[in-house]
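Please work through the exercises below with the sequence and the model open beside you.

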Amino acid sequence: AEDLFTAAGRINVIGEHVDYCGGKVFPAALNLNCGVYGRKNGENVIRVAASDFKEVITLDIDKLDSYKGLKWGNYQAGVAYYLQESGTPIVGCDLLYDCTVPFGSGLSSSAAMEVSTAVALSEYAGVKYNKIDLALISQKAENKYAGVNCGIMDQFASVFGKKGNLIRLDCRSLEYKLEPFDPTGCKVVLFDTQVKHSLASSEYNVRRAQCEAGVAVILKHVGGIESLRDVMLEMLNTYKNEMDDVVYR
């Protein structure tokens, strides 16, 4: 028997690079998703494969921390590792990935893969699970295992997205509200710019470091600043001469 687990990609309407600065964002899930066909295999391994990828990767359940160097399969290994660390018993299974979210397109194929994996492994463990916890574990896999210092928005949108709605999310408190969205009389169009981006090797982590550098400058003068969310424009302009131009912008 085969089971199917799915999680969606996402588009962000407002708030690029705002999530890891503790701010508020406005994403939506797409009808493009990552589907995982799964079955328990009765062994102490997780096998992962994809419909467009010939290789089968075998992950040893007792050594889940040792797959960070994989070019493909590291996201799944990271999710399994942090689920295991959080107390979820990982059960041997075969997982086949069929993803309609284009890779490297900025539509969060990685989050869709992480969340669908987290749901599959949690279901096979037979434990009750909390959706926010699955989003946080998926983010942790991307941050600490795959080395991409992303915020929570992508995984949260993948978990909580609902047809006909946008998600108003406070990335600090994780309070959220679904906002009905019916663009009658207009269309929202996504353009494929043909620019591929791999988050781990792109400027993403650099941009995050620049945001933190700006906060560090202001924190020398003003107390209680945790992230850019707390910085007012007047503070920024008062201390701009202590920052380089990109950090200021």
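**Exercise 1: the surroundings of N74**

In this predicted model, N74 touches Y67, K68, Y145 and A146, with residues up to four places away in sequence not counted.

Task: State in which helix N74 lies, and decide whether N74 counts as buried or exposed.

Solution. Begin with the secondary structure, where N74 is found in helix 1. Next, take the relative accessibility of N74, which is 9%. Buried means under 20% relative accessible area. N74 therefore counts as buried, given its relative accessibility of 9%.

**Exercise 2: helix 1 against helix 3**

Task: Describe how helix 1 and helix 3 pack, giving the angle and the distance between their axes, and then list the residues of helix 1 and helix 3 that meet.

Solution. Helix 1 spans residues 74-85 and helix 3 spans residues 131-145, and the two pack at an angle of about 120°, with their axes 8 Å apart. Because of this angle, helix 1 is oblique to helix 3. The handedness comes next: the crossing in which helix 1 passes helix 3 is right-handed. On the side of helix 1, the residues that take part are N74, Y75, A77, G78, V79, Y81, Y82, L83 and E85, and they meet L134, I137, S138, K140, A141, E142, K144 and Y145 in helix 3.

**Exercise 3: helix 3 against helix 4**

Task: Find the angle at which helix 3 and helix 4 pack, and say which residues make the contact.

Solution. Helix 4 covers residues 153-160, and helix 3 packs with helix 4 at an angle of about 145°, their axes being 9 Å apart. Helix 3 passes helix 4 in a crossing that is right-handed. From helix 3, K131, I132, A135, S138, Q139 and E142 make the contact, while helix 4 contributes Q155, F156, V159 and F160. The contact of helix 3 with helix 4 divides into five nonpolar, three polar and two charged residues.

Conventions:
Residues are numbered from 1 along each chain as its sequence is written. This is a predicted model: local features need pLDDT of at least 70, side-chain atom pairs count only at pLDDT 80 or more; totals for chains, interfaces and linings use all residues. Side-chain values use heavy atoms; hydrogens and water are left out. Axes are lines fitted to C-alpha atoms, for helices over the stretch in contact, and angles run from 0 to 180 degrees between N-to-C directions. Helices (H or I, at least four residues) and strands (E, at least two) are DSSP runs, numbered from the N terminus. Angles under 35 degrees count as roughly parallel, over 145 as roughly antiparallel, 65 to 115 as roughly perpendicular and the rest as oblique. A crossing is left-handed if the near helix is turned anticlockwise from the far one by less than a right angle, and right-handed if clockwise. Contact means heavy atoms within 4.5 Å. Buried means under 20% relative accessible area, exposed over 50%, partly exposed in between (1.4 Å probe, protein chains only). Ala, Val, Leu, Ile, Met, Phe, Trp, Tyr, Cys and Pro count as nonpolar, Asp, Glu, Lys and Arg as charged, and the others, Gly among them, as polar.
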